[in-house]
Amino acid sequence: MRYIAKDAKDPLVIEAKLLLATSATYDENPRVREIIRLIYGGCCAFCGSTVEEGSYYQIEHFYPKGKAAYKSRDKDLENLHYCCTRCNFRKGRVLRDKIMSPNYFFDKSGNWQDTLPEKLEREIYYVGHMVYAHNYNPGPIDRGAETITLFNLNNTDPSGKSHRGYLVERRLRHYNLIYRQVQAVYNLLEWYHPSIDLAVNLLLENIMEYFREEHPWSVMVIHNFGDDVLKLLMIYDALKVKLATS
Ligand SMILES: [Zn+2]
């Protein structure tokens with residue numbers, strides 16, 4: 001977890017707030033979700049993962065959405081966080097007043113306080129894959145520890161799918177592999193010639209394997225590379241048509 005500023009002068013923040021003000025719901029305009037993704041750098045607000053295994057990212061409401069008491073916060077940008085489904089599930093549809101959040105927390109009186117970046121980094125810090133808590137200014141609540149426990153950020157159960165080290169490494173391995181293949185197809189298409197058709201086809205076939213619904217990485221791949229692959233296929237088709245008619 002890292003500090004996420006939502007600076008009122010940031011053009012993205014201004015745009016999102018305008019869109020939210022004129023929308024009936026927080027997700028009415030897909031551009032809002034895209035802006036939130038950009039503000040969070042494509043990382044889950046809580047576990048910080050960049051590529052989520054078997055799941056799409058969601059928008060998390062720190063004050064739970066749809067509850068009468070917090071209705072005014074349903075479309076409040078400060079209340080919306082980019083979040084992986086795993087963390088969103090663990091957070092649940094309740095107000096968590098003991099954990100840290102990327103930009104605010106609740107004080108002893110239940111008031112909303114701005115989380116300072118230095119404070120967040122002192123209370124929760126990473127060493128490699130592992131996350132540690134330090135109750136820097138000892139109080140009744142160790143927010144760092146509560147956060148780590150709630151999201152099970154240090155799951156080291158080797159049989160668990162969300163084992164922290166495995167999760168990060170497996171994602172990165174598949175992500176990098178597909179990334180390299182997508183880049184290779186881009187490069188080949190730039191110098192496209194019938195003699196390299198077989199190579200392009202093989203690479204595309206490899207990539208398309210990941211898109212099969214039953215592939216364990218399909219959702220992650222579609223989420224991260226869907227637009228790229230669609231673009232590649234369109235370029236490829238156009239080149240083949242051009243060659244056939246010339
Ligand atoms: Zn997460």
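The following legends describe an overview and two close-up views of a predicted model.

Residues are numbered from 1 along each chain as its sequence is written. Because the model is predicted, local features need pLDDT of at least 70 and side-chain atom pairs count only at pLDDT 80 or more, while totals for chains, interfaces and linings use all residues.

**Figure 1. Overview of the chain, with 8 helices and 6 strands.** Helices (H or I, at least four residues) and strands (E, at least two) are DSSP runs, numbered from the N terminus. Along the sequence, these elements follow the pattern α-α-β-β-α-β-β-α-β-β-α-α-α-α. Of the 246 residues in the chain, 23% are buried; a residue is buried if 20 or more other C-beta atoms lie within 10 Å of its own, exposed if 12 or fewer, and partly exposed in between, with C-beta atoms placed from the backbone.

**Figure 2. The buried residues of helix 5.** Helix 5 spans residues 143-150. Arg143, Gly144, Thr147 and Ile148 are buried in this helix. These residues lie on the same side of helix 5 because they cover an arc of only 135° around the axis, the arc being that of the directions from the helix axis to the C-beta atoms. An α-helix has 3.6 residues a turn, so residues three or four places apart point the same way.

**Figure 3. Asn152 in the loop between helix 5 and helix 6.** Helix 5 is followed by Asn152, and helix 6 comprises residues 164-190. Asn152 has a positive phi of about 45°, although it is not a glycine. Asn152 counts as partly exposed because it has 16 C-beta neighbours inside 10 Å.
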